[in-house]
Amino acid sequence: MKGPAGRPRVWQRMLSGRRLDLADPSPLDVEIEDIAHGLARVARWNGQTHGDHAFSVAQHSVLVEAIAGRMTPSLGAGERLAVLLHDAPEYVIGDMISPFKAVVGGEYKAVESRLLAAIHIRFGLPAERRPGLVDAIKAADRVAAFFEATELAGFADAEAAQFFGRPRGILAADLALGPWPTARAERQFLERFAALHPGI
């Protein structure tokens with residue numbers, strides 16, 4: 001779709017009324033309600049999961065933040081907020097599965113990185129995450145992916161272990177893996193945000 005001057009439209013209108021420019025995202029156009037609303041409606045695993053509801057990126061984000069807190073108890077509130085927001089760009093660009101990201105290549109990652117930096121700045125976090133925090137997020141994300149894969153997405157344990165590694169010290173029974181309805185996913189995400197944001 002092109003604008004009045006014939007240029008392609010590169011912004012997304014949010015329900016808050018904000019227009020988020022994907023080419024040059026401004027922190028001023030980022031609202032946590034838009035993020036929570038969008039992520040609660042984006043399905044992990046392209047929707048190929050068991051249950052009456054999709055397993056949303058909002059629920060995944062809450063799950064990863066809880067796992068990161070268990071695996072790395074030294075994380076402060078600001079760092080845990082960064083964990084909660086690790087997939088926040090997907091509220092506007094969707095959850096592209098890893099195989100598709102591999103096909104698309106670097107431009108997708110560049111857009112995602114610009115969006116994440118703007119989101120971080122909006123909520124008082126450093127635009128760039130320190131390497132140790134990136135590692136902690138990746139480790140918790142892999143644990144979540146293993147259990148989502150085996151409990152929801154039809155992977156055998158051995159297959160999931162091959163792609164994500166086998167978690168140690170964390171059991172599926174300890175995690176909230178039953179897919180939440182959209183309204184609950186949105187609410188839980190906002191509640192975790194509210195709990196973590198004052199601590200920055």
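Which helix is Gln 59 found in? Gln 59 sits in helix H2, residues 57-71.

## About the model

This is a predicted model, where local features need pLDDT of at least 70, side-chain atom pairs count only at pLDDT 80 or more, and totals for chains, interfaces and linings use all residues. Residues are numbered from 1 along each chain as its sequence is written, and side-chain values use heavy atoms, with hydrogens and water left out.

Helices here are DSSP runs (H or I, at least four residues), numbered from the N terminus. H2 has 15 residues and reaches 20 Å from its first C-alpha to its last, close to the 21 Å expected at 1.5 Å a residue (the expected span is 1.5 Å times one less than the number of residues). H2 is largely enclosed by the rest of the structure, because 12 of its 15 residues are buried. Buried means under 20% relative accessible area, exposed means over 50%, and partly exposed is in between, using a 1.4 Å probe and protein chains only. The cover over those buried residues includes H1, helix H3 (77-84), helix H4 (90-93), H7 and H9.

Gln 59 counts as buried because its relative accessibility is 1%. Setting aside its neighbours within four places in sequence, Gln 59 is in contact (heavy atoms within 4.5 Å) with Ala 176, Leu 177, Gly 178, Pro 179, Trp 180 and Ala 185. With Ala 176, a polar atom of the Gln 59 side chain lies 3.2 Å from the backbone oxygen.

Now for a loop: Gly 169 lies between H8 and helix H9 (182-196). Gly 169 counts as exposed because its relative accessibility is 72%. Gly 169 and Arg 70 are 99 residues apart in sequence, and their C-alpha atoms are 9.7 Å apart in space.

## The largest pocket

The largest pocket holds about 1100 Å³ of space. On a 1 Å grid over the protein atoms alone, where a 1.4 Å probe fits, a pocket is an open set of points with protein on both sides within 12 Å along at least five of seven lines, and lining residues have an atom within 4 Å of a point. Of the 29 lining residues, Asp 87, Ser 98, Lys 101, Lys 109 and Asp 141 are the closest to the centre.

Helices H5 (98-104), H6 (106-122), H7 (131-151) and H8 (157-164) each give two or more residues to the lining, and H7 gives the most, with six.

How values were computed. Points joined across faces, edges and corners; volume = space filled by probe spheres on them. Polar contact = N/O pair within 3.5 Å; in protein donor to acceptor, adjacent residues only side chain to side chain.
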